[in-house]
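Subject: A structure for you to look at

Hello,

Here is the structure I promised to pass on to you. Have a look at it first, and then read on for what I found.

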Amino acid sequence: MGGKSRPTLSSGIARALRDVAKVIERHEGRAAIIGGIAVIARGVPRLTRDIDVAIAGQDISVQDLAAELSGVGIVPRISDALAFAEESQVLLARHKESGVDID
């Protein structure tokens, strides 16, 4: 049964968190992990399959944020992600290495 083993969901989320943390650190005090990961960090057991991040929008454009995320391997997951983000204030992204969705 040789070949490469598939990463587990938890190891994929850990890798995606490592990379998204690099961007959050650049926006210290203006960005945070929210949603399921934040609940887990507070000690409440639950299942999550994605990472939710909040970033204060007045300090960065959607284009600049997308460029920062791309620099750590996080890319838009829909074709019109930047236009969608401008309208909805939600950038739909995916961590390329792990396949974990990041909103």
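Let me start with Thr48, which is buried because its relative accessibility is 9%, below the 20% cut-off for that class. Please keep in mind throughout that this is a predicted model. Thr48 sits in the loop between α2 (35-41) and β2 (50-55). From there, its side chain reaches the backbone oxygen of Asp50 at 3.3 Å.

Next, the sheet. It is open and has 5 strands, in the order β1-β2-β5-β4-β3, with mixed pairing. Which strands stand at the edges? They are β1 (31-34) and β3, and each has a single partner strand, so one side of each is left without a neighbour in the sheet. Elsewhere in the sheet, β4 (residues 93-95) and β5 run antiparallel and are joined by 2 bridges. If you want a place to look in that pairing, Ala93 stands opposite Ile102 in β5.

Now to the charged side chains. How many salt bridges are there? The count comes to 9. In general, side chains of opposite charge can pair when their charged atoms come close.

Within it, the side chains of Arg18 and Asp19 form a salt bridge of 3.2 Å, N to O. Are these two residues buried or exposed? Arg18 counts as partly exposed, at 41% relative accessibility, whereas Asp19 is buried, with a relative accessible area of 6%.

Another salt bridge is formed by the side chains of Arg77 and Asp103, at 2.7 Å, N to O. This pair links distant parts of the chain, with its two residues 26 residues apart. Arg77 lies in the loop between β3 (74-76) and α4 (81-88), and Asp103 in the segment after β5 (101-102). Both ends are partly exposed: Arg77 has 24% relative accessibility, and Asp103 has a relative accessible area of 25%.

In α3 (residues 62-70), the buried residues are Val62, Leu65, Ala66 and Leu69. Where do they lie around the helix? Seen down the axis of α3, they fall within an arc of 100 degrees, so they line one face of the helix.

Finally, take a look at the surface, where Ile78, Phe84 and Val90 form a nonpolar patch. Together they have about 200 Å² of accessible area. Phe84 is found in helix α4 and counts as partly exposed, at 35% relative accessibility.

Terms used: Residues numbered from 1 in each chain as written. Predicted model: local features only at pLDDT ≥ 70, side-chain atom pairs only at ≥ 80, totals over all residues. Heavy atoms only, no water. Salt bridge = Lys/Arg side-chain N within 4 Å of Asp/Glu carboxyl O. Buried < 20%, exposed > 50% of the residue type's maximum accessible area, 1.4 Å probe, protein only. Helix = DSSP H or I, 4+ residues; strand = E, 2+ residues; numbered from the N terminus. Pairing = 2+ DSSP bridges. Patch = residues over 30% accessible without salt bridge, like charges linked within 9 Å, V, L, I, M, F, W, Y side chains within 5 Å. Areas by Shrake-Rupley, 256 points an atom, 1.4 Å probe, with all protein chains shown as cover. Arc of directions from axis to C-beta. Polar contact = N/O pair within 3.5 Å; in protein donor to acceptor, adjacent residues only side chain to side chain.
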